[in-house]
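Here are my notes for your first look at this one. Have the structure open while you go through the points.

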Amino acid sequence: MAKGFTPCQASPMPAVTLFGYRHSVYTRIARMALHLKGVAFTETEVNPFDPPLPPGYPHPFDRVPVLTHGSVTIYETSAITRYIDLAFPGPPLVPANPLAAARIQQVIAIADAYAFRPLVLQVYAQRVFRPLEGLVPDEAMIAEGLAAAPKVLAALDRIATEGLTLAPAAPTPCTHALPPALLIVYLAPMIAAFVIPPPAVSISIAA
Ligand SMILES: N[C@@H](CCC(=O)N[C@@H](CS)C(=O)NCC(=O)O)C(=O)O
């Protein structure tokens with residue numbers, strides 16, 4: 001080897017670990033973002049409903065998911081998905097258009113603040129998950145979730161009719177009309193959980 005020549009070596013990518021729970025909607029959101037960006041990662045199962053959590057578990061509120069990337073630790077799914085989008089190569093999950101990007105942030109905030117509780121915690125967890133675990137569902141919580149859901153779905157519907165994000169306008173046979181990836185990643189697991197129980201499909205959404 002010539003003197004002074006340093007072979008070109010790719011520095012190894014810091015390991016990516018997703019701490020999550022297999023039944024968790026939020027874990028699924030983070031997992032989908034990692035898959036969409038083609039990130040190699042390992043997943044460590046943590047059941048937040050079965051304390052105590054492992055010593056040193058890096059979430060001050062004992063929730064899932066948590067993402068670690070080398071020395072970086074992130075919790076809160078909206079921050080995790082944003083980090084995944086910006087830290088790894090591959091097609092962006094958020095479009096450059098300022099209004100579309102803002103709408104995505106808006107939908108994520110709606111999902112976190114207004115959708116997760118009625119759709120997932122009250123309807124899905126009570127109607128589907130608790131019976132699967134041999135537990136009795138709380139019918140009052142289910143009724144509360146079903147009563148709250150139409151307002152949330154109507155708000156998302158109004159954003160969809162704008163045509164910018166949830167339902168891009170003017171699809172043609174040659175152009176796909178998929179919503180921006182981060183919206184699919186964030187909303188699909190919540191909506192998918194909500195539509196499993198039969199009563200959910202019969203609610204009506206005010207125009
Ligand atoms: N704001 C958190 C919410 C995460 C969350 O609530 N995860 C649920 C599982 S889907 C959890 O860990 N629940 C445990 C508990 O409520 O004690 C985020 O965006 O990551």
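**Notes on the fold and the ligand shell**

1. Along the sequence, the protein follows the pattern β-α-β-β-β-α-α-α-α. That gives five helices and four strands; helices (H or I, at least four residues) and strands (E, at least two) are DSSP runs, numbered from the N terminus.

2. Before going further, a word on what you're looking at. This is a predicted model, where local features need pLDDT of at least 70 and side-chain atom pairs count only at pLDDT 80 or more, while totals for chains, interfaces and linings use all residues. Residue numbers start from 1 along each chain as its sequence is written.

3. Now the sheet. The four strands make an open sheet with mixed pairing, in the order β2-β1-β3-β4; two strands pair if DSSP finds at least two bridges between them. β2 (42-45) and β4 (72-75) are at the edges with a single partner strand each, so one side of each has no neighbour in the sheet. From one strand to the next, the twist averages 20 degrees.

4. Take β1 (residues 16-20) and its partners next. With β3 (residues 66-69), β1 pairs in the antiparallel sense over four bridges. With β2, β1 runs parallel, and four bridges join the two. The chain gets from β1 to β2 through α1, in a right-handed β-α-β crossover (right-handed means that, with the strands pointing away from the viewer, the path from the first strand over the helix to the second runs clockwise).

5. Which residues stand opposite Phe-19? In β3 it is Val-66, and in β2 it is Thr-44. Elsewhere in these pairings, Val-16 has His-69 in β3 as its bridge partner, and Thr-17 stands opposite Thr-42 in β2.

6. α1 lies across β1 and β3, and runs at about 160 degrees to β1. For such angles, axes are lines fitted to C-alpha atoms, for helices over the stretch in contact, and angles run from 0 to 180 degrees between N-to-C directions.

7. What surrounds the ligand? The shell is made of Ser-24, Val-25, Tyr-26, Pro-48, Phe-49, Arg-63, Val-64, Glu-76, Thr-77, Ser-78 and Asp-112 (a residue is near a molecule if its C-beta atom, placed from the backbone, lies within 6 Å of it). The elements giving two or more residues to this shell are α1 (25-36) and α2 (77-87). By class, the shell has five nonpolar, three polar and three charged residues; Ala, Val, Leu, Ile, Met, Phe, Trp, Tyr, Cys and Pro count as nonpolar, Asp, Glu, Lys and Arg as charged, and the others, Gly among them, as polar.

8. Have a look at Gly-90 too, in the loop between α2 and α3 (98-132). Gly-90 counts as exposed because it has 12 C-beta neighbours inside 10 Å (exposed means 12 or fewer other C-beta atoms within 10 Å, buried 20 or more, and partly exposed in between, with C-beta atoms placed from the backbone). Beyond its neighbours within four places in sequence, Gly-90 is in contact with Lys-37 and Gly-38; contact means C-beta atoms, placed from the backbone, within 7 Å. The C-alpha atoms of Gly-90 and Lys-37 are separated by 5.6 Å, although the two residues are 53 residues apart along the chain.

9. Lastly, the overall numbers. Of the protein's 207 residues, 31% count as buried. Among contacts with a separation of 6 or more, 66% join residues 24 or more positions apart.

Definitions and conventions
Two residues are in contact if their C-beta atoms, placed from the backbone, lie within 7 Å.
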